[in-house]
Protein chains: 2
Amino acid sequence: MDYTFSNRISGLAPSAIREILKATSLPGIIPLAAGNPAPDAFPVEEVREITAKLLAERPTDCLQYGVTEGYEPLRSFLAADCKQRLGLGEAFDTLIVTSGAQQVMDLACKALCNEGDTVLSESPSFIGSLNTFRSYGVKLRGVPMRPDGMDIDVLEELLKTEPKVRFIYTIPNYQNPTGWTASLEKRKAIYALALKYNVLILEDNPYGELRYAGEALPSIKSFDKEGIVIYAGSLSKVLSPGIRVGYTLAPAPIIAKMTVGKQASDVHTSMLSQQIVYAWLTGYDTAAHIRKIREIYTNKLNIMTDALAAYCPALHFEKPLGGLFLWCSLPAGLDAVDFASAAVAEKVAVVPGNAFAVEGDAHRDAVRLNFSTPTNEQLRQGIEILGGVLQKAGE
Amino acid sequence: MDYTFSNRISGLAPSAIREILKATSLPGIIPLAAGNPAPDAFPVEEVREITAKLLAERPTDCLQYGVTEGYEPLRSFLAADCKQRLGLGEAFDTLIVTSGAQQVMDLACKALCNEGDTVLSESPSFIGSLNTFRSYGVKLRGVPMRPDGMDIDVLEELLKTEPKVRFIYTIPNYQNPTGWTASLEKRKAIYALALKYNVLILEDNPYGELRYAGEALPSIKSFDKEGIVIYAGSLSKVLSPGIRVGYTLAPAPIIAKMTVGKQASDVHTSMLSQQIVYAWLTGYDTAAHIRKIREIYTNKLNIMTDALAAYCPALHFEKPLGGLFLWCSLPAGLDAVDFASAAVAEKVAVVPGNAFAVEGDAHRDAVRLNFSTPTNEQLRQGIEILGGVLQKAGE
C-alpha cells in the first residue's frame, strides 16, 4: 500500500536530538550532546522508600484510572508551591498535571493554534518544543537570542507585522540551547509587549531550580495580572525525567481546553508517577536534594569551562548561571555540522547549532555542549578531544 | 483577555464519560457508568515485588530518559507475543510502546489525518476514541453496530461515497459500549472492503483478554498481509490502567510517523511503568492472573444479568461474551437521558446511549451498564434500583 500522511507530520523529521541521543548510547561515545540528568542526581533511596510505602498502603491509587486534571492533592500542592515559593498564580489561574513539560507545549498548541497561525520563539531554541509547534502546522518565526534574553526590537517588529500570532515561546532561565538567562528588564519588556499586542506567552521553565550563580529572577508568570501567561513546570530536572511528570499553570479557560485536549491525548498522566512525585514533594527535604544536584552540576560546569579554557581557547562562550548547557561559538569559517561530524569520528558527541534553528539553517556557527550527562572524567577527556578536532580543523 | 481557541478544540466538549466518572466518585453513588477494572483485579503483590526489585537493582533505568519508541526489551517481547500467541505481525510491521491505547488513536490521527478527512466508526462507539478523532477536526461517519459486528452494507456504501476516508475504526472484541463481538465473517469482510477501497483499519483491542464465553476469534490484524491494519493493544485491562501503558503494531512507515508524533507529544512513556510491565510479562504467570480476572468478571456479569432478569424485565440486552459492558435497550418511549437522570437521582450512575453517538444525538433508546467497577453487592442493589426507576417511568 502507498501510505499518505498528514501535512503536519510529513514535514517533520525525527528530532535530531533524539537521533543523537540514540547515537550517544552507543558504547565508547562521550555524550556532550544529550541533556540527561546525571545518574547520581536521582534521589533513588527516597523513591524506593516512597514506592514501597505507596504499594503497601494505597496500591489502588497507583494502579487505577485517575482524572485527566491530575491527582488532586498533587495539583493543590503544586499550585500552593508556585504561589508561595515563586509568586506565581492568581485567582483566575488553574494548574493541571501533564505527562512531562513537553505535553504542555503540545496541549497549548492543541488548544490555541490553527494551522497557519504564527508562534514566535527565541532562536535558537529547544528543538523538542519547536518540533511540537511544527507538528501543529504553525508558522514559526525566530527572535534572535542574546546573552540577556531575546532581542526585544525584533520581537516588537514581528508582533507588529506577523498576522495571527498566538503566543511567544520563551525559556527565560538558562535557556536551551544557549544557557543564557533573560534579564529582569527583558522579562518585563516581553510581558508588556505581549499585553500591548494581545498575544499570549508560553513560559517554559524546566531548569529554574538549577541555578549555580547569581540571584533567581522572577518568572514572567509572576507579572501576570492580566491572564496572558501559560507557565510550564517540570519535575524532570529535579526528581526524574523518566517518570514523565510536568505541570502547567494558566488562566482557567485555557486550562479547561488543555484538559479536553489531554483527555483525548493520553487520558491522564501515570498515577504511580504522580503519587511518587506527591509523596516526594510533601515527605522529603527536596530543598536539600536540589542543593545537592546544584553542587553536582556546578562542579561539572566548572570542569567543562576549565577544560575549555585549557584545550579550546578558540571557542567563545558565556558561562551560564544555571541549567545544563553551554553554547560555544566556533572560530570564523568553521562549520558546526563539519565540526560535530569530526567530533563524532573522534567519539565525542556534540549538537551542531542549526539543530536548534527556528527558521532555515541558522546557527551553523555554534555548537551546544551538555555538562550534566558525562562523568567528570568524560568531561575533561571530551573537551580535550574537541581541542584536537579544532586544531586539525585549523590546519 | 478574550481568549480564542483552535477550531479543533472549540467544538469538543469534555468527555461525558469522564464527567460522569467524576460524579461516580462522589460518595454513595453506585457506579454502573464507569469502566474501571475491579480493584481486586490488580496484581498488587506482584507489582510491589517487581518495583522493589527494579528500584534496588536498576533505578536509573526507571528514572532516566528513554527513547520515544519505548523500552527495547518490552517492544521485542510484545512483538514476539503478538506474533506467537495471537498471530499478529508481518515482517513489514513494527511495534512501539504508547502512553495507554488512547495515545494510539491520537498518534494515528496525528500521522494520517488532515482536517476534513473522514474516519468511519461503528456507531455507537467508545467516546474516548471518538473525541480523539474529533480533536483532529476529522469528519466522523457512523456505521451501525449489530450484535455480530458493524453493518457491512452501510460500511461499503460509505466507502463508495465518502471522499478522503483515512481509516475504519473498529473494536471487534466485546465492543465499548455494546459488549458485542464481530463475527469471523464480518472481520474478513471489513478487511476485504478496506483493501478494495484502499483505506486503513484502526483495530482497537483493549478487552481481547477478557473473554468469558465462546472461542477467541482472530484479530483483523491477523489477516493483514497487505499492511493496512494499525493494531492497538493495552495493558490497562489486564495489569493496570493507572500506569498508562499500551502499544501499537502497524506497518513500519506508519509507525515511523507515529513515533515522530509521539516525540512531539510526550517524548516517551513512563520508563518506570514500562519496566514494571516488562518485568510482569516476563517474570510472572500472567495467564493465571488473566484467568483470575476472567473469573471475577464472569461472576460480576452473571450477577448483573441475573439481577436484570429479576428486576428489569423491560430492558433488552445481548449477553456479552466478554469485556466490561452491557448495552440495554429501553422500553419504547423511554428516553435514555431521562432514564439516566432519574437513576442518578436514585444514586445509580449509568451512561445514556447518545454519549456514544458517532453523529448527532443517536442512541437515546439505550444505556450502557458497566459490571467491572461495582462490588457484587452494588451490582445487585444498583439493578434493583434501576428496576424501580423503570417502574416509576412506566406509571
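Modeller: One cut-off comes first: two strands count as paired if DSSP finds at least two bridges between them. The model is predicted.

Start with chain A. Eight strands make an open sheet there, in the order 2-9-8-7-6-3-4-5. The pairing is mixed. Strand 2 (93-98) and strand 5 (149-150) of chain A are the edge strands, and each pairs on one side only.

Strand 5 of chain A runs antiparallel to strand 4 (residues 139-146) of chain A, and two bridges join them. In this pairing, R146(A) has G149(A) of strand 5 as its bridge partner.

Helices come next. Helix 7 (residues 127-134) of chain A packs on the sheet. Helix 7 touches strand 3 (118-123), strand 4, strand 6 (165-170) and strand 7 (200-204) of chain A. Its direction makes about 155° with that of strand 4 of chain A. Helix 8 (residues 152-161) of chain A lies across strand 3, strand 4, strand 5 and strand 6 of chain A. Helix 8 of chain A runs at about 160° to strand 4 of chain A.

Turn to chain B. Its open sheet has eight strands in the order 2-9-8-7-6-3-4-5, with mixed pairing. The edges are strand 2 (93-98) and strand 5 (149-150) of chain B. Further in, strand 3 (residues 118-123) and strand 4 (residues 139-146) of chain B pair in the parallel sense over six bridges. L120(B) stands opposite R141(B) of strand 4. Helix 8 (residues 152-161) of chain B packs on this sheet, touching strand 3, strand 4, strand 5 and strand 6 (165-170) of chain B. Its direction makes about 160° with that of strand 4 of chain B.

Conventions. Residues are numbered from 1 along each chain as its sequence is written. Chains are lettered from A and ligands numbered from 1 in the order in which they are written. This is a predicted model: local features need pLDDT of at least 70, side-chain atom pairs count only at pLDDT 80 or more; totals for chains, interfaces and linings use all residues. Helices (H or I, at least four residues) and strands (E, at least two) are DSSP runs, numbered from the N terminus. Two residues are in contact if their C-beta atoms, placed from the backbone, lie within 7 Å. Axes are lines fitted to C-alpha atoms, for helices over the stretch in contact, and angles run from 0 to 180 degrees between N-to-C directions.
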